[in-house]
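Please read the following points alongside the coordinates; they concern charged side chains and how they pair.

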Amino acid sequence: MANTQIAEEQSSSEVSSKTVTLKIAKFNPEHDSGTQFVDFKVQYERWTTVLDAILDVKEHLDHSVAVRYSCRQASCGSCGMKINGRPRLACFTKISELDSDVITVEPMNNYPIVRDLVVDLEGMFDTHKKMKPFIINEDSEITNTKEFLQTPEQIEEYIQFANCIKCGLCNSACPTMATDSSFLGPQALTQAYRYVADNRDKGKNERLKIIDESHGIWRCHFAGSCSQVCPKGVDPAMGIQLLRGYLLGFRK
Amino acid sequence: MKRNENREGIKGMANPGRYGIERVSYWLMRITGLGLLAYLIGHIYETSSILNGKSVWDSMLQLTQTTQGHVILTLVIGMCVFHTVNGIRLMLGHGGIGVGKPTRPDYPYIPNSQNMKNKLCIYASIGVAALAMMYGLSVLFGE
Ligand code: HEM
Ligand code: SF4
Ligand code: FES
């Protein structure tokens with residue numbers, strides 16, 4: 001008979017080679033006055049992600065830890081948090097790669113805290129929608145009998161920016177976002193470029209008008225921190241500078 | 001009620017430690033820009049003393065002949081050189097020049113805009129500023 005035994009549930013009591021201290025920031029804005037860090041000892045393997053460790057804590061040590069996740073594979077963008085001081089996806093960060101005996105997890109900066117590790121991304125979705133994140137073209141595919149064809153080169157102009165999963169890590173790392181609550185932010189500005197660079201789109205002037213304001217694209221200083229933390233290779237800093245090239249007359 | 005947005009604030013904005021040399025250059029650019037602005041204001045104040053006659057002008061000029069005066073002038077040289085060289089990189093970058101070409105991203109997703117050209121240019125700005133400061137020091141404190 002084939003060995004069909006289901007792998008035993010991995011629990012914190014199972015013998016493992018290494019342990020790490022997971023420091024979780026706990027804060028409920030409804031009744032707490034400040035953040036409290038609670039330490040948990042967790043065991044991990046080479047492949048254990050920070051999200052795995054948090055879920056291990058939730059299952060065996062403290063059910064009340066609030067964390068948001070869905071896909072567990074860097075696709076849905078819900079598990080962004082500050083891990084050892086830098087915004088990262090918890091499901092895409094292995095404990096072993098952090099090279100530290102203490103892993104501190106906190107909610108991402110520059111977003112209101114819902115509870116513990118969960119932040120409210122609504123503000124980012126609002127600025128994202130402001131960019132008109134859709135193809136603007138009179139000859140839409142509905143009135144036309146032919147589909148829009150694109151060459152591989154035309155796709156390459158924007159596909160990198162279309163990789164954005166709206167996790168919000170970039171807005172959390174951005175130094176302008178740290179002090180300016182009206183700034184559009186790297187996520188939205190990059191999406192403006194994603195559509196402007198798409199040869200099916202005719203909404204360039206409309207979008208340039210939206211971003212050309214005092215808390216718009218001019219607040220970007222090309223510090224590049226957005227690109228350093230983006231888990232999908234979107235490289236927002238590149239998109240923003242290419243976009244600004246149109247407004248400064250470097251590009252047509 | 002306005003919700004607490006948990007902004008990182010000035011401390012987070014100014015912390016250059018976490019995101020590589022590009023964030024350090026952002027920080028230096030701000031500091032040197034503000035430093036140069038402060039120098040410009042001081043410089044206008046200093047030179048306007050000529051309106052009060054030669055003796056006032058001469059005594060003002062004496063201030064730059066002190067050790068503190070030399071140190072401040074050396075810092076101004078360094079700020080000026082870094083700000084100008086890095087400023088040229090930034091002006092080009094802000095226009096989309098030298099920030100890399102879009103591609104199909106692949107793991108481990110090294111961002112093209114944080115490329116070697118930009119990094120070398122930042123290190124060069126710092127290096128040239130240091131050399132200019134050393135030359136300034138040798139002229140000011142020499143003899
Ligand atoms: C040829 C010389 C100069 C060049 C090429 C240059 C270039 C630049 C550039 C490109 C920026 C924008 C940086 C960014 O977006 O973060 C900037 C900012 C700034 N510059 Fe200059 N600049 C020069 C001289 C000066 C001088 C002489 C002063 C002072 C009187 C000065 C004061 C500033 C200030 C205060 C800022 C704002 C800093 C910030 O907000 O981060 N600059 N400069
Ligand atoms: S640009 Fe990158 S870091 Fe920013 S929201 Fe999109 S995927 Fe996340
Ligand atoms: S759980 Fe979906 S991105 Fe991490």
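1. A salt bridge is taken here as a side-chain nitrogen of Lys or Arg within 4 Å of a carboxyl oxygen of Asp or Glu. The model is a predicted one, in which local features need pLDDT of at least 70 and side-chain atom pairs count only at pLDDT 80 or more, whereas totals for chains, interfaces and linings use all residues. Side-chain values use heavy atoms, with hydrogens and water left out, and residues are numbered from 1 along each chain.

2. Over all chains the structure holds 14 salt bridges. One of them joins A:D116 to A:R115, with 3.8 Å between the closest N and O atoms. A:D116 is buried at 3% relative accessible area, while A:R115 is partly exposed at 33% (buried means under 20% relative accessible area, exposed over 50%, partly exposed in between, with a 1.4 Å probe and protein chains only).

3. A:D180 and A:R219 form a salt bridge at 3.5 Å, N to O. This pair links distant parts of the chain, 39 residues apart: A:D180 lies in the loop between helix 5 (169-173) and helix 6 (185-196) of chain A, and A:R219 in the loop between helix 7 (204-211) and helix 8 (225-229). Helices are DSSP runs (H or I, at least four residues), numbered from the N terminus. A:D180 is buried, at 7%, and A:R219 is partly exposed, at 32%.

4. In chain B, B:D58 and B:K54 form a salt bridge with the closest N and O atoms 3.0 Å apart. Both belong to helix 3 (residues 54-63), and because they are four residues apart there, about one helical turn separates them.

5. Finally, A:R194, A:D198 and A:R200 are linked in a salt-bridge network.

Key
Chains are lettered from A and ligands numbered from 1 in the order in which they are written. Helices (H or I, at least four residues) and strands (E, at least two) are DSSP runs, numbered from the N terminus.
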